[in-house]
Each structure stands twice: as structure tokens, then as C-alpha cells.
2 protein chains.
Amino acid sequence: MSSNYTNSPCAACKFLRRRCTSDCVFAPYFPPEEPTKFANVHRIFGASNVSKILHEVAPHQREDAVNSLAYEAEARLKDPVYGCVGAISVLQRQVLRLQRELEDTNADLMRYASCLGGETTSAYGGRRG
Amino acid sequence: MSSNYTNSPCAACKFLRRRCTSDCVFAPYFPPEEPTKFANVHRIFGASNVSKILHEVAPHQREDAVNSLAYEAEARLKDPVYGCVGAISVLQRQVLRLQRELEDTNADLMRYASCLGGETTSAYGGRRG
């Protein structure tokens, strides 16, 4: 046999048409069953940048790094203008809206409290015998 | 004169040591005064991927595209594991926390309302003569 392994090459090596060795930095995170995951990160970041990032982070953090890169790449392919920064804007607006709503609700609560006067504590803190 | 322009080359052409022509796709978004902006997107996405994305989007959207790419690149350089996906996680947790807080405050409001009984409407809807 000319090959020294029996498993399929990882999705990255298959995509890049290169030999997948036992120390392949991509193999643990790009299984052959998920070819799109690698194709996406390659299209947006380029294989060599992904490899550089993987070598920069500790081995136990590489899976998280790959997953965040895959998320960013997918978002950028769906939305070439904003990518996942679009999601950040949506979430920031949602936070602002919720904060305002909470402020309004707290103001209503204060108004109730002043109407109830002495009864406030028992109503707010739960019913007392 | 061997050069047909008098302005400085844009930050991208300066970085890539190439001639900056009048139709340079980078020039409007990477002024020479901001060298880090291009260096960052180049380090994370690669110049050719950035150029590809710019050609994919309409000219009026290119500034937004560059700014979101610059934001993502800076976030990835600061946090190689999570990049700007880290900000998304923080915001998602903040949204959940605010939603729970709002639910609790609304429940308190309902409890007050049931204590006030008939007075509810006037207290909640503003004071009536």
C-alpha cells in the first residue's frame, strides 16, 4: 500500500487535494462528513489564515476557534455586507429595547407602590397572614 | 514624471507595495492615514478575499462591508478563539437576562394590580380627577 492510513482524508485535505497526515491541524475539526464547514471558512478566511489561527490558540481551544470561524464564515456568505456584525447590531438594538421596556415597567411599579403606600411591602414581598 | 497621480497610495496598495491606480477597489475605504485598518483585514481575511467581497457587493454598500470586515478582523486579533462571536454570546446572555428580569417585573406589576383591585386602571393609566 502506498498510503499509511486507512481513514478518509479530512474535509480540508480533500478540498485542498493534499495528503492528510496524522498530525494534520485541520483533521480533528473538519471531518470528511462536513465538507461545507471547511469550504466556507476557506472561502472567507483562506486555509492558511485558518491554519495560522489554529496554531496560535491552545489545542483545547481549537474546536471553539473553528466553530466561531465557521459561524462567521457562514454569516458572511449569507450577508456579504454585514456578516455576523449584522447579528451584533440586531442584538444591540434588542438589548436597548429591553432596557427601555424594563425601565418603563419599573417606573409603573414605582407608581403602583406609591399608590399602595403602606401596603407596598407586603404586596411586593409576597402575601403575609 | 513616471507617476500619473499625485496623491499617496491607499493603505492597501502601500501595504501590498503595489501601484495605486484610480480604479483601485480598496482606495475609497482604506485611506493612507489608517494603515492598521487594512493590515488587520489582510491578516484575518487576506487581501484577495476582501477584494472578492468588495466586488460582490454594490458600490454603495462597500463602506459598510469594509467596516464590518474591519470590526470582525479587530475582534479576531483581540480574541483569536471567539473573535466577534464572543460579543454575540455576551449579547445573547444579556438579552436572556433582561427578558427574565422583565418577566419578573411584569409579574410583580400583576401582583400589585390584583392588590389594588378596582383602583388598577387609574393607577396604571395615569391619575384621574
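This is a predicted model: local features need pLDDT of at least 70, side-chain atom pairs count only at pLDDT 80 or more; totals for chains, interfaces and linings use all residues.
**Notebook: LOB span and a helix pair**

I started with the record: an unreviewed UniProt entry annotates residues 8-109 of chain A as "domain: LOB".

Residues 8-109 of chain A are 67% helix and 0% strand. I also checked its ends, and the C-alpha atoms there sit 63 Å apart.

Then I took chain A as a whole. Chain A has 129 residues, and 40% of them count as buried. For contacts in chain A with a separation of 6 or more, I get 42% from residues 24 or more positions apart. The accessible surface of chain A is about 7600 Å², with 50% of that belonging to carbon and sulfur atoms.

Over to chain B, for one helix pair. How far apart are the axes of helix 2 and helix 4 of chain B? I have them at 8 Å, for helix 2 (residues 35-44) of chain B against helix 4 (residues 62-78) of chain B. The packing angle is about 70°, which means helix 2 of chain B is roughly perpendicular to helix 4 of chain B.

I listed who touches whom. Helix 2 of chain B brings Lys37(B), Asn40(B), Val41(B), Arg43(B) and Ile44(B) to the contact. On the helix 4 side of chain B I have Val66(B), Asn67(B), Leu69(B), Ala70(B), Ala73(B), Glu74(B), Arg76(B) and Leu77(B). Sorted by class, this contact between helix 2 and helix 4 of chain B has seven nonpolar, two polar and four charged residues.

Conventions:
Residues are numbered from 1 along each chain as its sequence is written. Chains are lettered from A and ligands numbered from 1 in the order in which they are written. Side-chain values use heavy atoms; hydrogens and water are left out. Axes are lines fitted to C-alpha atoms, for helices over the stretch in contact, and angles run from 0 to 180 degrees between N-to-C directions. Helices (H or I, at least four residues) and strands (E, at least two) are DSSP runs, numbered from the N terminus. Angles under 35 degrees count as roughly parallel, over 145 as roughly antiparallel, 65 to 115 as roughly perpendicular and the rest as oblique. Contact means heavy atoms within 4.5 Å. Ala, Val, Leu, Ile, Met, Phe, Trp, Tyr, Cys and Pro count as nonpolar, Asp, Glu, Lys and Arg as charged, and the others, Gly among them, as polar. Buried means under 20% relative accessible area, exposed over 50%, partly exposed in between (1.4 Å probe, protein chains only). Accessible areas come from the Shrake-Rupley method with a 1.4 Å probe; for residues, only the protein chains shown count as cover. UniProt positions are given in the numbering used here, feature names are shortened, and annotations may be inferred rather than shown by experiment.
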